[in-house]
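Trainee: I would like to learn how to read pockets, cavities and helix packing from coordinates. Could you take me through one example?

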Amino acid sequence: MASQQHKKNSSGGNLKKLVIIVWILVLILAAALCSILLFGKKQAPIPDSSSPSDTGQHAAQTNERETEEVKRQEEQKKKEEEAASLVQETDRLALGYFYQDAIEKVKSFDQYENYPVLTDALSRYQSQLDSLVPYEGDVSHVFFHSLIADTSKAFDGDSMENGYNYWMTTVSEFNKMMEQMYKRGYVLVDIHDVAGPVEQDGKTVYRKKEILLPEGKIPFVLSQDDVSYYNYMKNDGFAKRIVLDENGKPACEMIVDGKSVIARDFDVVPLLDVFVEQHPDFSYQGTKGILALTGYEGALGYRVNDEKNENLEADKEAVRRIAAVLKDGGWSFASHGYGHRHMDQISYDLLKEDCKKWRDTIGVLIGGTDVYIYPYGEEIDYTTKKYTYMKEKMGFNYFCGVYAYPWIQIHDDYVRMTRRNLDGFTMYFYPKRTEDLFDVTSVYDPARPPLKE
């Protein structure tokens, strides 16, 4: 009985436990179901109550914002490219010693402060400007005649050969001279940069001017005599005249194998122009040289002196036009006397006539000048009325003779500056005179025949 009662009690207990477990499971399931229902309700999508037109407007606004961003990025890229291009331009200005111009040009760029390429350039130009030092040494003035472009014609054994051999320089020699002078730090300057007028005690007087250059640079003046292309030279390997090429740049016309050829290879002007284009730091603020003109056979290869010239007016206009281009390109002009006379030997009246004739024939075409380069390098007496006339009536302030070494004399009312001839005579007989400029042995053209004394 006791055993049966125990089994009965045990069975009843198990049943109760089972019921409790079932209820627990039911409650768990109910809770889970509620969670699922609640979660699903929270995550259910909100019904889209917008109309089709609202959707299109939203998309349009998005596209517009994207388009504006693309446009903004393109404009920014364009501005950055413009800034980089500007620096290329201003770097060249700085190379030519136009530091202040380069600085001002960069600062003119809208919001230049926001472009590192521009601010870096500004810092560089200012540093270069601050590092300039005044040049304290002698300033050389060197000169040439027309260059020999074809040595086979100039040195062909005729009666003109020895004269050319003495007083002319070949194209090859000129190019080598400029290259060596450039490597030694020489820089072209204008004669007016060396000395000029200043106001002192109520009057205008001439004084030495300060030339500021980078440390190690050496200023020098260059000139070319007789830039007229005389008739006697036309079949001897020289250029015929200065012209403007198809790009409007100074070039020379020359007869080559019976044909007219226009190129920038035949004489001082185009050769030096090209060299400075390649080496901007060889020229102080664009300066090239002085072209000394006579008048008795015209100028620049045009016979503007000849009243019988059928093309007289056209030739005059050509000289005016070419002279303007040359001056814009850094060249200047000097009188070399109308008739290339010995100015120290001729009479006062003949000197006056020669000066007037040059002014009225050549000076009016090239815009005048205050530089006089003496024929044969022979200077007048500056205490005579010859000087008074040339100074007061003709307006000459700078007078240039010839000497073996650099020499300048600055007076209250005028400047004297001598020049060195870089030709066969100097290189053959006096090579030491040019050793500060270049090495004669590496420059001297082997096409030259032996010089005859």
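Mentor: On a 1 Å grid over the protein atoms alone, a pocket is an open set of points with protein on both sides within 12 Å along at least five of seven lines, whereas a cavity is a set where a 1.4 Å probe fits but cannot get out; lining residues have an atom within 4 Å of a point. Points are joined across faces, edges and corners, and a volume is the space filled by probe spheres set on them. This is a predicted model, in which local features need pLDDT of at least 70 and side-chain atom pairs pLDDT 80 or more, while totals for chains, interfaces and linings use all residues. Residues are numbered from 1 along each chain as its sequence is written, and side-chain values use heavy atoms, without hydrogens or water.

Trainee: Which residues lie nearest the centre of the largest pocket?

Mentor: His 145, Trp 167, Asp 226, His 340 and Tyr 376 do, out of 25 lining residues. Helix α6 (161-167) and strand β18 (415-421) each supply at least two residues of that lining, and α6 gives the largest share, with three. These elements are DSSP runs numbered from the N terminus, helices being H or I of at least four residues and strands E of at least two. By class the lining holds 14 nonpolar, seven polar and four charged residues, where Ala, Val, Leu, Ile, Met, Phe, Trp, Tyr, Cys and Pro count as nonpolar, Asp, Glu, Lys and Arg as charged, and the others, Gly among them, as polar.

Trainee: What is the volume of the second largest pocket, and how does its lining divide by class?

Mentor: The second largest pocket has about 380 Å³, and of its 21 lining residues Arg 92, Val 276, Gly 286, Lys 288 and Gly 329 are the closest to its centre. Its lining divides into eight nonpolar, five polar and eight charged residues, with α2 (52-95), α9 (268-278) and α10 (312-328) each supplying at least two.

Trainee: How many cavities of 30 Å³ or more are there?

Mentor: There are two. The largest holds about 40 Å³ and is lined by Val 189, Asp 190, Ile 191, Val 221, Leu 222, Thr 287, Lys 288, Gly 289, Ile 290, Gly 330 and Ser 332, that is, by five nonpolar, four polar and two charged residues.
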